[in-house]
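Biologist: I am new to this structure. Please show it, and then I will ask about its parts.

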Amino acid sequence: MSKRSRGSLDDLMAVDRDHERLGRLGCELVNRLFVLARNTLLFDLNNEALSHPVAQLLSSLREAGQLGESRVALGVVGDNLSLNQALLKPDSATYNNGQFLGRLYRRLQAQELELDPGLSEEELRAFMSALRQVAEGKADPATLSELRGVRLVPLSDADAGGQSVEIDSRIQVLRTYAGSVAVVARVMALAAHGQRWSPSLLRRVGHDLADAAAREPDLLLGLLQLPVEGSRLGVHLVRCAILALLCVARLALPRRAGAEAALIALCHHLARPDERAFRGTVPDTNLAVGETDPLTAALALCGGGGLNEGLIRRVVGVYEAAGQGRPGLYSNEQPGDLLGRITALGDRFAMLIETVRPDEALRLLLVERQLDEPVLCRLFVNTVGLYPVGSVVELESGATAVVVRAPRGRQQLSRPVVQLVRGGSGLVDLSRTPELGAIVSTLDPAELGENVVHYFLL
Amino acid sequence: MGETLDEGRAGAAAALLEEAFRWMDKALRSLSIYDAGHQVARAFRTSTGQHFVEITEQEGETWIDVRAKSLCCGEQEIYREDPKSEGFVFRMHRDGVRRLCLLPGLSLSEVERLVAALQTDLERPEQFDNDMVTLLWEAELEHVRFIVADLLTQAPEQAEDLRPYQDLMNRIIAAATAEQLPEGARRRDLASIRLSAQAFGDLDPEQLAATLDVADEGSVDPFGAMGPELDALRAEYDDPRTLARFVEILYRSLALVPERAQGVLGSFELLVQALLRSGRVEDLLEVVRSLGAFGQELGDAAGRMVERVFLGANVSAMLRLLAQGDAAQPSPVLDLLRLAPAERCGEILAAAAPLTDVSRDVAEILAELAADRPALVAPNLESREQAEVQLALDVLLTIGTEEALDCLRPLRQHPQPDMRIWLLRLTQDLRSPAVAAVRRAMLEDPSARVRAEAERCLARHADPELVKRLLRRLADGSLKEQSFAEKRRVCTMLGSFGGPREVRLLKELVQRGRVLGGRRQVELCAAAAHGLAATDDRAHLELLEQTAGRRLMARQVREACREAAEVLRQGRRSRSSQVRPIPELVRQAGALDEDPADGAAAMQRAAPAPVEDVGPAVEDGVFGGSDGYGFVDIGQATDPPAAGATASRSSGEVAQLLRAYLDRDEPSPGPTTEDGGEDAVAELLQRYLEDTDEPPAGTARPEVDDLLRRYVEEDEP
């Protein structure tokens with residue numbers, strides 16, 4: 001009896017251990033699949049950033065095979081995560097990752113993803129490639145069913161979400177930002193060498209940024225804190241466009257106005273007076289207007305591409321608003337085009353944040369422009385906040401936090417929503433938690449030793 | 001069964017779409033024939049819209065693949081264009097549209113806008129900067145999604161060209177998703193700066209042009225952050241061409257884009273500061289020289305940049321480097337300072353003044369720089385800083401021209417007596433009219449020490465004004481109030497430089513040193529005896545010996561006469577040995593005037609001592625100072641202890657006491673009781689000067705009256 005009992009108990013304990021291992025493995029698989037899917041959406045397939053997640057996922061699949069599982073079916077139905085129909089008990093991070101997978105599954109019109117434990121790396125990469133195409137809407141989810149080692153269990157008709165389900169808008173916004181920098185850098189390089197370029201490229205970048213600003217304004221503001229990568233000019237112009245866009249959005253103007261502002265910001269560098277004007281690129285008649293005026297420069301540089309006259313006038317207005325060129329000579333309106341004036345502020349702020357912390361940059365901007373542009377300066381402050389997104393701040397309580405949201409009202413101007421980093425944790429609206437005290441100072445993000453963008457991106 | 005149902009549903013959707021796009025084709029063709037407001041065109045558009053709305057209502061989310069010449073729903077083709085035409089499908093595909101998605105909620109107006117967008121002729125000039133993607137976006141189609149190929153992967157034929165930009169995009173994403181900051185990632189991103197430096201450092205035009213794409217040549221402000229980073233760059237890019245190219249770009253930016261002057265000059269300042277911080281003076285020297293070359297070519301931008309090099313803070317840094325360097329080796333800092341604009345002389349002088357080790361070298365350079373415009377240094381003479389005033393004085397004297405010496409005038413009103421004395425001593429060998437005027441003006445100086453120094457200098461040059469001045473002091477009673485030492489000094493000078501008339505006055509005074517005279521009169525008469533000794537004329541020996549033996553004479557007068565007689569007998573106080581012979585002195589002064597530079601070379605800035613004193617102007621133990629006037633620099637109480645009555649005090653204390661006493665210009669601490677004798681002498685002297693005929697009645701003693709009368713009646717010598 002006792003032996004039998006002992007045997008049953010051991011068996012039960014062994015089953016429990018297997019369940020426990022499976023549960024742990026299930027959470028691990030959720031997290032690893034999340035990282036792999038996220039990186040698949042973020043990076044090109046040949047990027048090194050994908051190598052490690054691929055190896056990790058394959059390792060987990062092998063482990064599942066060693067546990068005797070003939071298949072690995074990760075399911076996401078509502079809030080529930082399952083492995084081979086067994087419910088998982090995820091921690092909060094795993095739960096959040098599972099929610100990401102849930103949105104991905106709905107895009108794939110599936111409720112479960114079944115993977116072969118013996119899946120090869122080639123097969124997995126083929127799956128990733130197809131996943132990328134489907135997630136971006138460039139292919140039908142049905143294409144995934146043709147892959148080896150992978151099977152999708154479709155959603156019921158009632159749960160069907162459609163292909164337009166957004167998986168994670170932040171990922172798309174980040175890609176938009178990075179792509180915009182690259183495209184703008186390329187266009188500017190072509191323009192600088194007098195080569196032909198398509199003006200619609202910049203217009204499309206403006207449109208993409210306008211869409212991104214409508215979906216994730218805080219993230220866009222936070223991305224201004226990213227260090228300059230590769231193209232200083234590209235980053236500057238995109239930053240400038242983002243700031244102009246968000247200011248226009250704050251004015252509740254139509255999104256077309258925002259895109260127009262972004263376009264002006266992206267193009268305004270083309271009107272920068274250039275020594276080319278002296279080398280016979282432009283006819284003497286234009287030189288007579290003003291040898292170094294922005295219009296001459298714009299005409300010279302736009303020869304390789306082409307901006308319409310209205311846009312050129314607005315671009316020139318940026319320089320007029322900044323006190324350069326000849327005020328009112330080329331722009332249609334007096335004392336200057338509104339979008340051009342907003343862009344001029346964004347331009348200056350974008351320059352300042354290259355060298356100083358964002359809150360210092362804002363102070364410097366106000367010192368420089370408050371007298372000339374009191375209303376627009378107020379608009380600018382209301383848009384980015386006294387502590388722009390990404391600022392690392394120290395609170396009266398001694399806690400350190402990262403500002404993660406632009407102000408939604410007057411109270412949040414000086415007491416924004418922050419993510420506590422030291423001396424606490426979690427997302428906190430300082431305007432509603434007086435016990436944490438006010439912000440006493442800002443810190444250099446480098447002192448934090450962490451990538452602040454990470455706090456409001458992922 | 002499920003697949004059959006799906007296939008059936010897909011087939012139904014495809015059929016509906018096929019019909020809808022047929023109507024759309026008609027609507028588009030009608031717009032090419034009719035005006036948009038024409039009823040036929042409107043009718044076609046309305047029918048098209050109804051079909052599309054019906055699809056979304058029946059099928060929900062509907063996806064359409066856009067191919068080069070056709071549209072497909074799944075695998076089923078639903079619309080095909082004429083292969084010979086470039087219709088809306090071709091244009092969409094060409095511009096990157098790959099899929100369309102019709103969402104539930106699509107309205108007729110949206111379809112109308114979609115048709116209008118697809119119909120737009122992109123060849124028209126006003127659409128020059130549009131394509132199908134931008135047109136669809138601007139159509140505000142809330143319920144139509146369109147999937148577009150990536151801008152950087154759109155053209156396979158450009159794949160190689162686009163690769164750097166795709167890498168750039170990946171780097172940005174990686175930077176954003178990294179949990180830790182990339183190592184070394186800073187706001188002023190070193191990587192891009194390095195890249196720029198590489199580009200700027202390469203002088204090969206082709207390679208430069210190729211790398212400038214990513215280095216952002218000509219971007220908004222690519223240089224602003226580079227200055228502080230040059231230190232870090234130096235280790236990796238020690239190529240001087242980098243710096244030269246960098247400066248050239250800055251210069252050209254400034255010359256060609258003057259409205260960005262502030263930013264460019266700011267960047268240049270950062271560069272200069274970085275070079276100075278890292279001690280790269282030679283590099284900075286090259287920078288300034290190259291700017292000089294630019295300036296010859298293109299204008300004054302180089303001048304503006306050079307001015308920035310010599311701003312106050314930068315000059316201070318240069319001088320610190322100079323002071324820290326090896327004094328035995330020629331320093332590039334001095335070469336650099338020689339390139340400074342003359343307008344910066346004042347600032348450089350102010351910065352160099354506290355650095356005593358280097359100020360002499362700097363003074364020589366400043367003298368060269370300001371040789372044509374010495375007035376640039378004149379404001380420094382008004383400084384409250386003693387060192388700065390001294391250095392400015394040094395510079396002006398080194399220049400030595402009449403214009404430079406004329407700039408010294410304001411210094412005679414300097415609030416510090418020591419500075420005024422310094423002026424006199426540094427110019428004591430000069431015979432310039434301007435300097436002489438300054439000396440004479442300083443005879444009226446409120447400070448006795450300054451006046452004494454001025455007198456000494458005038459004596460050195462045998463200035464006729466001196467004798468008049470001494471006599472005036474005797475006459476106006478001011479000397480009467482002074483100490484015996486001062487009286488003795490004045491009389492000694494009269495004896496040395498006065499003519500027969502003044503000698504005769506001294507003799508008369510000696511003979512009136514009666515016992516009954518007041519103390520001040522006695523002192524004056526005793527001083528006159530010393531004045532006679534200064535004449536070096538043994539003819540006075542008899543008078544002095546007689547006076548020394550007369551019992552009616554005051555004891556002090558008799559002692560003075562004995563001492564003076566002894567001096568004459570031994571020839572100790574020969575006029576020729578007291579000071580250089582005046583004719584010789586005048587000749588030397590003339591030589592100085594002929595060549596100011598030689599005179600300048602004779603200056604001893606560190607401690608310009610007065611020339612050998614004109615006589616034992618002070619008694620040991622009274623002044624105690626080495627220069628005979630009790631003047632010592634503040635804090636330099638290094639003179640030997642005084643003997644006699646003040647032996648217990650240090651010579652420094654005595655000197656200070658005396659200096660304070662003289663500066664106050666108060667009466668000497670002698671008896672203050674007035675007596676007729678003193679007044680009589682005063683009046684005698686007054687009348688001697690004013691040539692009055694009658695002395696004031698009832699105030700003069702007979703002896704003085706006689707003296708006065710006789711003296712006045714005599715002809716002028």
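Modeller: A residue is buried under 20% relative accessible area, exposed over 50% and partly exposed in between, with a 1.4 Å probe and protein chains only. The model is predicted: local features need pLDDT of at least 70, and side-chain atom pairs count only at pLDDT 80 or more. Residues are numbered from 1 along each chain as its sequence is written.

Biologist: Of the 458 residues of chain A, what percentage count as buried?
Modeller: Chain A has 18 helices and 10 strands, where helices (H or I, at least four residues) and strands (E, at least two) are DSSP runs numbered from the N terminus. Of its 458 residues, the buried share is 57%.

Biologist: Where do the buried residues of α13(B) fall, seen down its axis?
Modeller: Helix α13 of chain B covers residues 301-309, and its buried residues are B:A301, B:A302, B:M305, B:V306 and B:V309. Their directions, taken from the helix axis to the C-beta atoms, lie within an arc of 135 degrees, so they line one face of the helix.

Biologist: How are α16(B) and α18(B) oriented to each other?
Modeller: In chain B, the axes of α16 (residues 345-352) and α18 (residues 386-399) come within 8 Å and cross at roughly 130 degrees. Axes are lines fitted to C-alpha atoms, for helices over the stretch in contact, and angles run from 0 to 180 degrees between N-to-C directions. Angles under 35 degrees count as roughly parallel, over 145 as roughly antiparallel, 65 to 115 as roughly perpendicular and the rest as oblique. The two helices α16(B) and α18(B) are therefore oblique.

Biologist: Which residues of α18(B) make the contact with α16(B)?
Modeller: Contact means heavy atoms within 4.5 Å. From α16(B) come B:L349, B:A350 and B:A352, and from α18(B) come B:E388, B:L391, B:A392 and B:V395.

Terms used
Chains are lettered from A and ligands numbered from 1 in the order in which they are written. Side-chain values use heavy atoms; hydrogens and water are left out.
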